[in-house]
Amino acid sequence: MNTLTIDFWVCRHTWIDSAKNTGWCLMGCSIGDLGTIYLFQLFDWSWSPLAIMSLAMVNGLITSICLETTVLMTKDIDFKNAISTAFGMSFLSMVAMELAMNVTDFVLADGTARIQVSFIPLILFFGFITPWPYNYWRLKALGKACH
């Protein structure tokens with residue numbers, strides 16, 4: 001399968017499936033990520049923006065894995081297989097998502113780690129759009145999805 005052709009990239013079904021997968025990932029990642037940044041903002045802890053955003057990225061990965069494990073267990077998959085599948089998700093996709101979200105927040109907040117309600121749509125947009133083509137490629141070329 002040649003990924004460099006237009007035919008590879010125009011499968012509506014794969015775009016829809018990869019969008020659903022990316023959306024689940026975005027939900028899990030954003031809970032931990034935005035929640036961490038908001039808590040630092042709420043309690044006015046004096047960490048550097050880089051430290052806050054690094055912790056937010058780690059927490060985003062953790063909450064994404066927890067959400068995925070929970071979703072899989074609701075589909076009658078035992079905990080061991082569910083957590084194994086969750087850890088088998090594309091970490092490249094999740095890290096790209098986290099990085100896009102944090103860079104967007106950092107730029108919008110003028111070099112700080114602060115969440116404003118008006119920022120959230122753009123943060124989520126860039127968090128979604130960044131890994132989506134990779135998730136499409138992974139699903140179309142390799143037959144692998146994170147959900």
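First, a definition: buried means under 20% relative accessible area, exposed means over 50%, and partly exposed is in between, with a 1.4 Å probe and protein chains only. This is a predicted model, where local features need pLDDT of at least 70, side-chain atom pairs count only at pLDDT 80 or more, and totals for chains, interfaces and linings use all residues. Residues are numbered from 1 along each chain as its sequence is written, and side-chain values use heavy atoms, with hydrogens and water left out.

Start with serine 64, which sits in helix H2; helices here are DSSP runs of H or I, at least four residues, and strands are runs of E, at least two, numbered from the N terminus. Serine 64 has 3% relative accessibility and counts as buried. Leaving aside residues up to four places away in sequence, serine 64 touches Cys25, Gly28, Cys29, Met89 and Met94, a contact being heavy atoms within 4.5 Å.

Next, helix H6, residues 132–142. Which of its residues are buried? They are Asn135, Tyr136, Arg138 and Leu139. Down the axis of H6 these fall within an arc of 165°, so they line one face of the helix; the arc is taken from the directions from the helix axis to the C-beta atoms. Their cover includes helix H1 (12–43) and helix H4 (91–108). Just after H6, glycine 143 has a positive phi of about 70°.

Now the rings. Rings of Phe, Tyr and Trp (its six-membered ring) pair if their centres lie within 6.5 Å; planes under 30 degrees apart are stacked, over 60 edge-to-face, and the rest tilted. The whole structure holds 12 aromatic pairs. One of them is tryptophan 15 with tryptophan 132, edge-to-face, at 5.0 Å centre to centre and 80° between the planes.

Last, backbone angles. Most residues other than glycine have a negative phi. Aspartate 44 has a positive phi, near 55°, and lies in the loop between H1 and helix H2 (49–73). With a relative accessible area of 62%, aspartate 44 is exposed. Aspartate 110 also has a positive phi near 55°; its place is the loop between H4 and helix H5 (120–129). Aspartate 110 is exposed, at 69% relative accessibility.
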